[in-house]
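Reader: I am new to this structure. Please show me how to read its features.

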Amino acid sequence: MVRLSSAPAMSNKEWVLLLILSVLWGGSFFFGEVALAGFPPLTLACARVGFAALALWAYFIVSGSSPRLSLKTWGLFLIMGALNNVIPFSLILWGQTHIASALAAILNATTPLFTLLLAQVLTKDERLSPGKCLGIALGFLGVVAMIGPDAIDGLGDALWPQIAILGAALSYAFAAIFGRRFRDLRASHAATGQLSASTLILLPIALYVEEPWSLPMPSSIAWSSMLCLALFSTAVAYLLYFRILKTAGASNLLLVTFLIPAS
């Protein structure tokens, strides 16, 4: 069981950061769908985290500082990277090749539900309460209503892609709880470590499975979308992610999935 100190209520500043994060991650569905026209899913996931990691390392080089992390911390980042990037990015990008983005957004909005259930078992400070349950249930219904009931017409079709998106949501929930272990690190160090570890995991998998060098060169639009996905929806987004997670807790952080469809 993860024993953590009590997570405070969300401040106005944290709500603003959460709204910004929702815009950055909302854009990831658009950028991802455009980039998939030129990149296969695993290659795109690898490029997303790889270019994001390079951007953060470039920042540290220019600023004259760099994260000093222990070998044990890097081992934890491999787990965090798998839970928060490798598994969900791969599942979502593959799922988006088979189902509409609107349905994917609804399924992705189950993340806070999974987080509440896991937090009940794995933490002592983010337990279930009637208010939390009601708020998250209303938030999920709001996502469905906002996107439109028509989006769930195909809920019974393409079962495995839908299960893949739900698997990604579950993985995000595990990651948010596991990520509390990095609360003593600066957000920039945590984001850089996670994205670097994710790249180390994804690179050999993408090269072996998809052999991207044998595929046609992606268009300039696909490259631009991939770079936007990496720099804004990943590098900048994870700086905010770890900042909010540190002070507001996993359950509050993942309310962002209710805001993503609006953006």
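Reader: What volume does the largest pocket have?

Author: Rolling a probe the size of a water molecule over the atoms shows where empty space is left. In this predicted model, the largest pocket comes to a volume of about 260 Å³.

Reader: Which residues lie nearest the centre of the largest pocket?

Author: F39, T43, P212, P218 and W223 lie nearest its centre, out of a lining of 18 residues. Helix 2 (41–63), helix 8 (187–210) and helix 9 (220–248) are the elements that give two or more residues to that lining. Helix 2 gives the most, with four residues.

Reader: How many helices and strands does the chain have?

Author: The chain has 11 helices and zero strands. Read along the sequence, the pattern is α-α-α-α-α-α-α-α-α-α-α.

Reader: What share of contacts joins residues at least 24 apart in sequence?

Author: Take the contacts in the chain between residues at least 6 apart in sequence: 90% of them join residues at least 24 apart.

Reader: Where is Q162, and is Q162 buried or exposed?

Author: Q162 is in helix 7, which covers residues 159–178. A residue counts as buried under 20% relative accessible area. Q162 has 4%, so Q162 is buried. Of the 263 residues of the chain, 51% count as buried.

Reader: Is Q96 buried or exposed?

Author: The cut-off is again 20%. The relative accessible area of Q96 is 9%, and therefore Q96 is buried. Q96 is in helix 3 (residues 71–96). Leaving out residues up to four places away in sequence, Q96 touches F29, E33, L36 and S101.

Reader: Where does helix 3 bend?

Author: Helix 3 bends at A82, by about 45°.

How values were computed: Residues numbered from 1 in each chain as written. Predicted model: local features only at pLDDT ≥ 70, side-chain atom pairs only at ≥ 80, totals over all residues. Heavy atoms only, no water. Buried < 20%, exposed > 50% of the residue type's maximum accessible area, 1.4 Å probe, protein only. Contact = heavy atoms within 4.5 Å. Bend = angle between axes of the 7 residues up to and from the residue. 1 Å grid on protein atoms, 1.4 Å probe; cavity = no way out; pocket = protein on both sides within 12 Å on 5 of 7 lines; lining within 4 Å. Points joined across faces, edges and corners; volume = space filled by probe spheres on them.
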